[in-house]
Amino acid sequence: MGPTLKDATAIAGIGQTPFARQLPESEKTLACRAIVAALDDAGISPSEVDAFASYTMEETDEVEIAKAIGAGDLTHFSKVGFGGGGSCATVAHLAAAIATGQASVGVAWRSRKRGSGPRPWKNTQVQLPTPGQWTRPFGLLRPADEIGMLARRYMHEYGATRDHLFNVALACRNRANQNPAAIMYERPLTREMYMTARWISEPLCLFDNCLETDGALACVVVSAERARDCRQRPVYVHSAAQGLPAQHHGMVNYWNDDPLTGPAWAAARHLWKGADLGPQDVDVAQIYDAFTPLIPLSLEGYGFCERGEGAAFTEGGALETGGRLPLNTGGGGLSEAYVHGFNLITEGVKQLRGTSTAQVPDAATCLVTAGEGVPTSALLLRS
């Protein structure tokens, strides 16, 4: 068997800015603040950075960021497509570069002013990408409309109800209520609030949709050997994967034999193949939650339950602290902040350091996933 990424690298530092609906700073300023904070957390000088990874949708670039923070010569830089589907892949790219000797200190980041900026789908001046030509003329204008259609199909096939989606929204909100950095820190959610909220795209109501946030986050990746000498407890990248299934069509999966078998299934097969652990060994999970239906779909895709059982899995407080699978313990995209899933990575690190505001006792393994419904990625982290 050839070389693997298994435990060869670790996340040594994390950083973030405040989160808000509107922040006055530019995306570049926010990015630099998050990156410098992450480097300081690791105890590493910016001049030692020789690798960057971010998203194709990131408006800041390596050249300007490197100059602004005072980085050294860069020997690796990459960007990953498909919005929130790329979050975990940024760390995976750095892990691969460091494990193969292409770099020694990598920084992954996401800076976004989605709260105060425009909604991406409002631009009518450019020709629609090919996938959009099959959806937007027929009324699926926003991601919420596309996921709403998948959610309705899932409800029809497996008997899922809005109560199951509420379980997801409530678990995320409860954890945000413990997290002073979360946008929804002091804003509890009740079933009555959920059930009477306005529709965004039926069957998705307001609380089934993620927040619109300004903010930035970053993490620092180094070799496992170096991480042991850094300022914080290392969090090892045990396994990493990306997933793009055959005949995929973004969000709606029109051409798949089963539209409810999304990219999570492809990523999961590779993730578990490269790991010494399985779903049964995961102590806590940070699962991408731009929309509540993505949680039951991901629970199935990553093997926590069988097909069609994801909704029922959420019952009985299963996603709460002390439940079968404590979930999105900082509040996630639904209730902490929506920065294309990067806060799920940093929250995973906090859990394995033992510093989360909703700490799972003795957590030693954490699954972090990127966006389901688009080409995706995942990390299995361990302490």
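R110 counts as buried, at 2% relative accessibility (buried means under 20% relative accessible area, exposed over 50%, and partly exposed in between, with a 1.4 Å probe and protein chains only). The model is predicted, so local features need pLDDT of at least 70 and side-chain atom pairs count only at pLDDT 80 or more, while totals for chains, interfaces and linings use all residues. Residues are numbered from 1 along each chain as its sequence is written, and side-chain values use heavy atoms, with hydrogens and water left out.

R110 meets E58 in a salt bridge, at 2.9 Å from N to O (a side-chain nitrogen of Lys or Arg within 4 Å of a carboxyl oxygen of Asp or Glu). E58 lies in the loop between β2 (51-55) and α2, and R110 in strand β4 (residues 106-113), so the pair ties together parts that are 52 residues apart in sequence. Helices (H or I, at least four residues) and strands (E, at least two) are DSSP runs, numbered from the N terminus. E58 is buried too, with a relative accessibility of 5%.

Side chains of opposite charge can pair when their charged atoms come close. The count of salt bridges comes to 18. One of them joins E64 to K28, with the closest N and O atoms 3.6 Å apart. This pair links distant parts of the chain, as E64 sits in helix α2 (residues 62-69) and K28 in helix α1 (residues 27-42), 36 residues apart. E64 is partly exposed at 30% relative accessibility. K28 is partly exposed at 34%.

R307 forms a salt bridge with D258, and here the closest N and O atoms are 2.6 Å apart. R307 is in the loop between α10 (294-301) and α11 (310-313), and D258 in the loop between β8 (235-243) and α9 (263-273), 49 residues apart. R307 has a relative accessible area of 26% and is partly exposed. D258 is partly exposed as well, with 24%. Salt bridges also link R21, R114 and E212 in a network.

Helix α1 has 16 residues, which at 1.5 Å a residue should span 22 Å; its end C-alpha atoms are 23 Å apart, which agrees. The expected span is 1.5 Å times one less than the number of residues. Buried residues of α1 include E27, L30, A34, I35 and D41. Among the elements that cover the buried residues of α1 are β1, α2, β4, β7 (214-223) and α13 (342-353). Just after α1, G43 takes a positive phi of about 75 degrees.

T17 is placed in the loop between β1 (9-16) and α1. T17 is buried, at 4% relative accessibility. Its contacts (heavy atoms within 4.5 Å) include L30, R33 and A34, along with G215 and A216, residues up to four places away in sequence not being counted. N179 lies in the loop between α6 (162-176) and α7 (191-195).

Rolling a probe the size of a water molecule over the atoms shows where empty space is left. On a 1 Å grid over the protein atoms alone, a cavity is a set of points where a 1.4 Å probe fits but cannot get out, and a pocket is an open set with protein on both sides within 12 Å along at least five of seven lines; lining residues have an atom within 4 Å of a point. Grid points are joined across faces, edges and corners, and a volume is the space filled by probe spheres set on the points.

The second largest pocket holds about 260 Å³ of space. It is lined by 13 residues, the closest to its centre being E27, E59, R112, P118 and P120. Strand β4 gives the largest share of this lining, four residues. Three lining residues are nonpolar, three polar and seven charged (Ala, Val, Leu, Ile, Met, Phe, Trp, Tyr, Cys and Pro count as nonpolar, Asp, Glu, Lys and Arg as charged, and the others, Gly among them, as polar).

Two cavities of 30 Å³ or more are counted. The largest cavity has about 60 Å³ of space. Its lining has eight nonpolar, one polar and no charged residues. Helix α5 (143-158) gives the most to this lining, with three residues. The second largest cavity has a volume of about 40 Å³. Its lining divides into six nonpolar, three polar and one charged.
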